[in-house]
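Here is a short briefing for a first look. Please keep the sequence and the 3D view open while you read.

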Amino acid sequence: MQYRTDPRSGNQLSILGFGMMRLPRGLTGIDQDKTTAMVSLAIQEGINYFDTAHVYAGSEEATGKALAAAGMRAQIFLATKLPHQKCRSYSDFDHYFNEQLTRLQTDYIDYYLIHNLPAASAWQRLLDMGIEGWLKEKQASGQIRQIGFSFHGQQADFLELLEAYDWDFCQIQYNYLDVSFQAGQIGLKAAHEKGMMVVIMEPLRGGKLATGLPSRAVQAMQRVEPQSSQASWAFRWLWNQVEPTVVLSGMGTTEQLLDNLNTAANATAGMLTEEQEKVIDQTVTAIQVGYKVPCTGCNYCMPCPQGVNISGCFAAYNTRTAQGLIAGYMQYFTGTGANRKDRYSGPKNCIACGNCEKQCPQNIAIIESLAEVKKRMEPFWFGALQAAVRRFSA
């Protein structure tokens, strides 16, 4: 494992962080045994940064149990996030924080973030409730060690937020497709120049850079490095830069963990060759031609009141445009339940209420995009195909 230094605290942090948002799941929720085993293996192999959040259903509890089982809380750095949208008064800060301490089975948080802070106006709302004094009190007591924010929004807002408080660190979405999106490379460099630790989320864009790349992109990767996974290219592109301190990966299987550990073992800034950089450029071009909706599958838009599987619809649509009709429809029938009479969750259910668009960190025109998905994925002959698939599935 390679490590980089948090410039504010001096902490030596593993370049690969464990994002606890996409933990392995069973029929009744998060699979605790698998999660505990993965966390233990991750710690043994040198990962020391674990990131969760109050709004990740079941994640804080599962993380707390896994860390308790490993008996390594003092040897790792734990990050979680304040659900500021739920806060209506000063007392709410303590309410949610204390709940998180209980869930995580700890009495302090190493890295505490204001979750999904979209703009300076949202930060001002918290200032008006007294959060600055609350944070200083928690730092003085040692209950919070480092203070930061995670961000999904426009670049100008991110740059303004950097100046709104003396942050210790920030967390941004960044990958080889999102160089100019959200905080982007300009935001990354601006935070780094301020001496802040920068944590990267969505390095694989919700898994889209790990599986399902256009065939010509995969061929280019395999021609240069036959044994390397698609995910390893995305991670190395990030670690090739000096600015990211920790890159989070939402690992849901041991296989993903082992592959990422292998990539992180020798990853250093400036390691990519000119040929490797050219392959990534070719991949970006191929993806931009194929994908139509920039959805990362974060599911902030969910649950839909009408039961639409929004990210599933978009993922299948993107698969169709990038990989062809058959692959797209195989994913679409599974993702929307179109093969079952009682489980349909496709775009026809959308009533354009707009709840999803208010929550989308990518600022996707979800209603319009769902209408396009319906048009392209459910044409006049779709009913006959659906009936045939249902008979086959029955």
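Is Cys356 buried or exposed? Cys356 is buried, and its relative accessible area is 9%. Keep in mind that this is a predicted model.

**Cysteines**

- The whole structure was searched, and zero disulfides were found.
- Cys295 therefore takes part in no disulfide: its nearest cysteine sulfur belongs to Cys301 and lies 6.4 Å away, while a disulfide needs two cysteine sulfur atoms within 2.5 Å.
- Cys356 is in no disulfide either. For Cys356, the nearest cysteine sulfur is that of Cys353, at 6.0 Å.
- Cys295 is buried, with 10% relative accessible area. Cys295 counts as buried because that value is under 20%.
- The 9% of Cys356 is also under 20%, so Cys356 counts as buried.

- Asn11 sits in a loop. That loop runs between strand 1 (3–5) and strand 2 (12–14).
- Phe77 is 66 residues away from Asn11 along the chain. The C-alpha atoms of Asn11 and Phe77 are 9.0 Å apart.

**Asn11: contacts**

- Which residues does Asn11 contact, leaving aside neighbours within four places in sequence? They are Arg4, Thr5, Asp6, Phe77 and Tyr111.
- With Tyr111, the link is a polar contact between side chains, at 2.9 Å.
- The side chain of Asn11 also makes a polar contact with the side chain of Ser9. The distance there is 2.9 Å.

How values were computed
Residues numbered from 1 in each chain as written. Predicted model: local features only at pLDDT ≥ 70, side-chain atom pairs only at ≥ 80, totals over all residues. Heavy atoms only, no water. Helix = DSSP H or I, 4+ residues; strand = E, 2+ residues; numbered from the N terminus. Contact = heavy atoms within 4.5 Å. Polar contact = N/O pair within 3.5 Å; in protein donor to acceptor, adjacent residues only side chain to side chain. Buried < 20%, exposed > 50% of the residue type's maximum accessible area, 1.4 Å probe, protein only.
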